[in-house]
Amino acid sequence: MTGLSSKPSYLRVAGIAKSFGDVAALKDVSLSVNEGEFVCFLGPSGCGKTTLLRVIAGLEPQDAGRIERGGRDISSLPAAQRDFGIVFQSYALFPNLTVAGNVAYGLSRRGLGRAGIAARVDELLDMVGLPGIGGRYPAQLSGGQQQRVALVRALAPAPGLLLLDEPLSALDARVRVRLRQQIKALQRRLGVTTIMVTHDQEEALTLADRIAVMNHGAIEQAGTPLEIYRRPASRFVADFVGVMNVLDATADGGTARVGARTLRLSDGTAQSGPVHLCIRPEDIVVRGVGAATVNAVSARIETLEFTGPFFRATLRLDGGDATLVADLSANDVSDLTLAAGQPITVVLPPDRLRLYPRET
Amino acid sequence: MRAIKSGKMLAAVFAAVFLIGGAGSVWAQAKTKVNVYTALEADQIKAYKDAFEKSYPDVEMAITRDSTGIVTAKLLAEKNNPQADVVWGVAATSLLVLDGEGMLEPYAPKGLDAVKPFFRDPRNPPYWVGMDVWAATLCFNTIEAAKKNIPKPESWEDLTKPVYKGQIVMPNPASSGTGFLDVSSWLQMMGDQKGWAFMDALHQNIGVYTHSGSKPCNLAASGEYVIGISFEYRASANKVKGAPIDLIFPKEGLGYDMEATAIIKGAKNMDGAKKLADWSVTKEANELYAKNFAVVALPGVGKPLEFVPADLEKRLVKNDFAWAAANREKILAEWNKRYNAKSEPKS
Amino acid sequence: MSAVAAAPARRSLDREAWIARAAIAALALALIVTVALPLYALLSRGLESKAGAFVGFANYAAYFATPGVGRAVVNSLVIALASTVVTVSVAFVFAYGLTRSRMPYKGVLKAVALAPLLAPSLLPGIALVYLFGKQGLLKSLMFGQEIYGPIGILLGEAFYCFPAAILILTTALSLSDQRLHDAAVSLGASRWRIFRTVTLPGARYGLISACFVVFTLAITDFGVPKVIGGWYDVLAIDVYKRVVGQQDFQKGAVVSALLLLPAVLAFTADSFVRRRQVALLSARSVAFMPRPERMRDGLLFVFCAVVALAILIVLLTAAGASFVKFWPYNLELWLGHYDFDNKDGGGWRAYYNSIEMALWTAACGTAIVFLGAYLSEKSNRFAAGRMAIRLLAVVPMAVPGLVLGLAYIFFFNDPANPLSVLYRTMAILVISTIVHFYTVAHLTAVTALKQMDPEFEAAGASLGVPWYTTFRRVTVPVAMPAILDISIYLFVSAMTTVSAVVFLYAPDTALASIAVLNMDDAGDIAPAAAMAMMIVYTSAAVRLLHWLGTRGLARRSQAWRGR
Ligand SMILES: Nc1ncnc2c1ncn2[C@@H]1O[C@H](COP(=O)(O)OP(=O)(O)O)[C@@H](O)[C@H]1O
Ligand SMILES: [Mg+2]
């Protein structure tokens, strides 16, 4: 993958395939994770994220492929020997054990002694801001507290890799944002290599050092959040991460035709044939636009919604053949006195246009 | 810690169970044990067993007792590896079934000569020897009969009268040896055609067919039905207990079966088995049988019993066990076709 | 982070996998030896002539040519279906009241609901005759109908099957997620809609299990129809007639094979439903706490009280019968019926044998059944072995006891079988009884296990803890109520069982339940009722002791259930 890291890769999976009956849950998945890195698996529900995580954890045997840790093949090692901590989507806290009992569960065979275990449990609970709840049962905790207990239980044996399966999905929005930061801080502090599964792109973009976007059992793209956002490798990634305008166009070397218009593409683009022409709403320029500016298109503002940080405008291109969504800053709107119903000329900068092949 | 506690508890339970089990299976092994399968009544067995063990102090009877059908089924199922040494007090018709499977060992017990001829298998040495006879008997509930104004029947033929509609219970010959005894004796007594015609008529009056030979008398005794076709031992026992029943011995004659003894081929304790077979034909044993049954194997031993006529032996029909055994399947199929396949009679 | 997984850990973990495989293999083998092979020994006779030659399906052809067979088949289906509908509907409402309402006296009501388990199957027969027979106390309630026939069978089967349905349904209904209910309520769903969309789907697996269990129990039971069936011919009675009446093992095997069909269906349905079942009790679940609601609680209480009363009347009738000198002509009270030593069936010795046998059955049976259910549901090793356990666990329910007993003779009394040393011992009574009652116990365990978070095992494994430790520290404590239910079920069933052990007991292992049968047969109905009541008292006492003894433990280990 993007092998620009100087650190050695901690985990490497290659050619993983896994089917449940006729359902191919994973198809030839390869990925490497560097030491200390925070990687997110992002994708729609049912795309195979959990399955990949469980294969890595050793909870699900893969049909084909290889898993290495630190260069050592661990493909057939059972879960318990992989030295990976897991936080399950359901948390799977043991309901009959207290919080302390849960956290200490993986510590009993480490020769810490009773006092050592108790000290470690206290230390861990302190770390996630839950001091003094060791005597309670899981059912007596809030969802956010349960989540953190599950997290420290997984961290207690000091695993080499932490695996999180949608750890925040069951929580309400505010708790989710707070815990998101707490997880990130904790991960930084401990430096533990982490893989987290999520279907929430915002979560992935804010938390991850690197994101692997998955679809239909395959990784479509792996890269830093910025790379994923700026240069989505496929139409699917472009659509799934962030908001994207998609126009049907026909490319011809350095230009593309959209309806009657011809748009310039960035230098070095050599695609031809039917394409999807994509641009992010915030990349659409409205300031300093003249009729002669490259890729200027005239349109009419259909709607203009105030969303807080910015305005979201729906633009209907002249000729009526397509609409675009543009995010405009409040300053743009007030300076240019924009309003719904007005005509407007916008620019689609060539270096912000992305092309994906289109099937006709 | 909790887990440890529950673990300890479980261990304690196991230990306790082992102790009980251990204590239960300690057995004094001084005597040789003879494995006896029997269908005799429990209260009879006690006296017989005591007497036998007194005569043969070195032999202990280990008794497996059950109803005739169960004992026979058990013996047949164990055919490949018989556990019984001797079958004792089981219906002669059942012994014929076992004999048909080649499971019996011929043996002439000491004192066989004194036994009435019809009480033994005619072959020499005999494969089985009879002990006593139980005969078909009607249990007639006098209280319920009076309530319903139902007259006392005198004969089998009487039972077909409309006045008894729905009041009679008899054992199903397909599930009960006593039931089969009734049917086969009617057929032998009346002949094929008249026999079936009689049963056709009787069927109209039957309240219910039971799955045991004792049950009809028990049902009459408790007033569920007025008349139960059963046998005299059960009838007397119920009457002694206080049931308001009269014993009726239909005048055409009584079907009967015999409690008999046979040795199982390959008995592990052949010696013990022979001792029991010997004892079974002694005068002492026959005197004990005679306390329960009017007709026993040795002549001159039987004595009249309360409720049972003194001439019971003369009232028995001629029962050809071999004929009954040979025709059993055919008879049951016919019976089944006529009475079982038919839907419930509306009374 | 430190590299913790070192070489020694690896060895112990390989051993862990090996232990799981060995345990699965051992249990599967045990079930093959105690279920599959004996049944094969019996059923293969259905393809043989009397002389033992292979005849293909000739016996089947002959059987179906018997007049009246069709009627017996139809009758069996009708009575089993009717019993299922009646028993499961009543049991569902009853279990719903026990688990989802705040009605009073729940403990007492549940104890009464399970009380029929304590009684030998002959007891309802005796009691129903005393109540509704021609001399019955409540004869007028029959409106001229006869108790001897389908009505009697239906009542008897309902009484006999009720506890099994209650066991499964309360387990299915008791673990429910408060959050689902809260969510439904907050969405403004009507009570009926909540019932349909939350309660029913949650209990669906239990409901289907209960239906199959009751149906199969009712279609294979011959105890009730034998006593009270009258003219109404059913297949189970046909087995009895063939085997006991005519010693025709070949045809007996044919009918037994027919009676196995429901089990095959049950297994198919079971694995079908299994695919759809989702775990209901995750760690995030909040235990359901019904809120008081006077109308609902009142109605449910009245309903449950009426059902409980009906059960009590049956038991009290039998209890009364055991003290009456000679029903119905001498109603003097008398204790002489308890003088068992002079009656048929082995006397008090048989009674103590029964207790010994029941203790063994409960101790060994619970351990085996729960471990088997756990391994078959939660392990991921040795799939073929787990499949075998699952299949063989549901077969015994469909095997009439009579057939099981005979099958055991054929198999265990074979001189070529090294296990023949077990024949005529206490051990074979215990084994046959565990097998006979395996299915209901297994289904109870499975229902409880299914309601646990499926990730418990994975969580334990990911923390480097062997499965058997997680089993002991988490699974067993969480499932403790179900485990206690299973052990009690096995104990009381062992006290009452007749049909299989009647073929297997030896002189020194005579049993009380068989004594009941034999005394009833000899017309000693009151002593039979007396011995049956001794069994009831004993089982009730053990139940009470069990409850008292484990209450402290249960209270501590189940503290987490509350909030
Ligand atoms: N145990 C299983 N049995 C059968 N199918 C499964 C199983 N686990 C997952 N699948 C299927 O595999 C696919 C991927 O599932 P999963 O990895 O859970 O997706 P995600 O976590 O991305 O939502 C889905 O189609 C799912 O239905
Ligand atoms: Mg998932």
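**Three chains, residue by residue**

Trainee: C:His436, buried or exposed?

Mentor: C:His436 is buried, at a relative accessible area of 15%. Buried means under 20% relative accessible area, exposed means over 50%, and partly exposed is in between, with a 1.4 Å probe and protein chains only.

Trainee: What sort of model is this?

Mentor: This is a predicted model, in which local features need pLDDT of at least 70 and side-chain atom pairs count only at pLDDT 80 or more, while totals for chains, interfaces and linings use all residues. Residues are numbered from 1 along each chain as its sequence is written, chains are lettered from A and ligands numbered from 1 in the order in which they are written, and side-chain values use heavy atoms, with hydrogens and water left out.

Trainee: Back to that histidine. Where is C:His436 found?

Mentor: C:His436 belongs to helix α16 of chain C, residues 426–436. Helices (H or I, at least four residues) and strands (E, at least two) are DSSP runs, numbered from the N terminus.

Trainee: And which residues is C:His436 in contact with, leaving aside neighbours within four places in sequence?

Mentor: C:Pro396, C:Gly401, C:Leu404, C:Thr497, C:Ser499 and C:Ala500. Contact means heavy atoms within 4.5 Å.

Trainee: What does the secondary structure of chain C come to?

Mentor: Chain C has 22 helices and two strands. Of its 563 residues, 64% count as buried. Among its contacts with a separation of 6 or more, 80% come from residues 24 or more positions apart.

Trainee: How is chain C divided into domains?

Mentor: Domain 1 takes 8–37 + 339–563, and domain 2 takes 69–234 + 291–330. Such bounds come from an automatic or database domain assignment. In the contact, domain 1 of chain C supplies 36 residues and domain 2 of chain C supplies 30 residues. Their C-alpha centres lie 24 Å apart.

Trainee: What area is buried between domain 1 and domain 2 of chain C?

Mentor: About 3000 Å², with 75% of that from carbon and sulfur atoms. Buried area is the accessible area (1.4 Å probe) that two parts lose on being put together, summed over both.

Trainee: On to chain B. How is chain B divided?

Mentor: Domain 1 of chain B covers 30–133 + 257–308, and domain 2 covers 134–256 + 322–339. The centres of these two domains, taken over C-alpha atoms, are separated by 27 Å. Here 16 residues of domain 1 touch 15 residues of domain 2, and the area buried between them is about 1400 Å², of which carbon and sulfur atoms give 66%.

Trainee: Which peptide bond is cis?

Mentor: One to look at is the bond from B:Asn124 to B:Pro125, which has omega near -10 degrees. B:Pro125 sits in the loop between β4 (104–105) and β5 (129–141) of chain B.

Trainee: Which residues are buried in helix α9 of chain B?

Mentor: In that helix, residues 232–241, the buried ones include B:Glu232, B:Tyr233, B:Arg234, B:Ala235, B:Ser236 and B:Asn238. After α9(B) comes B:Gly242, with a positive phi near 115 degrees.

Trainee: Now chain A. How many helices and strands are there in chain A?

Mentor: Nine helices and 19 strands. Of the 360 residues of chain A, 51% count as buried, and the C-alpha trace spans about 80 × 45 × 40 Å along its principal axes.

Trainee: What phi does A:Asn295 have?

Mentor: A positive one, about 60 degrees, although A:Asn295 is not a glycine. A:Asn295 lies in the loop between β14 (272–279) and β15 (296–306) of chain A and is buried, at 7% relative accessible area.

Trainee: A:Thr337, buried or exposed?

Mentor: A:Thr337 counts as exposed, at 54% relative accessibility. A:Thr337 is not a glycine either, and its phi is positive at about 45 degrees. This residue is in the loop between α9 (330–335) and β18 (343–347) of chain A.

Trainee: Last one. Where is A:Arg231 found?

Mentor: In the loop between α7 (225–230) and α8 (235–240) of chain A. Neighbours within four places in sequence aside, A:Arg231 is in contact with A:Gln221, A:Leu226 and A:Arg354.
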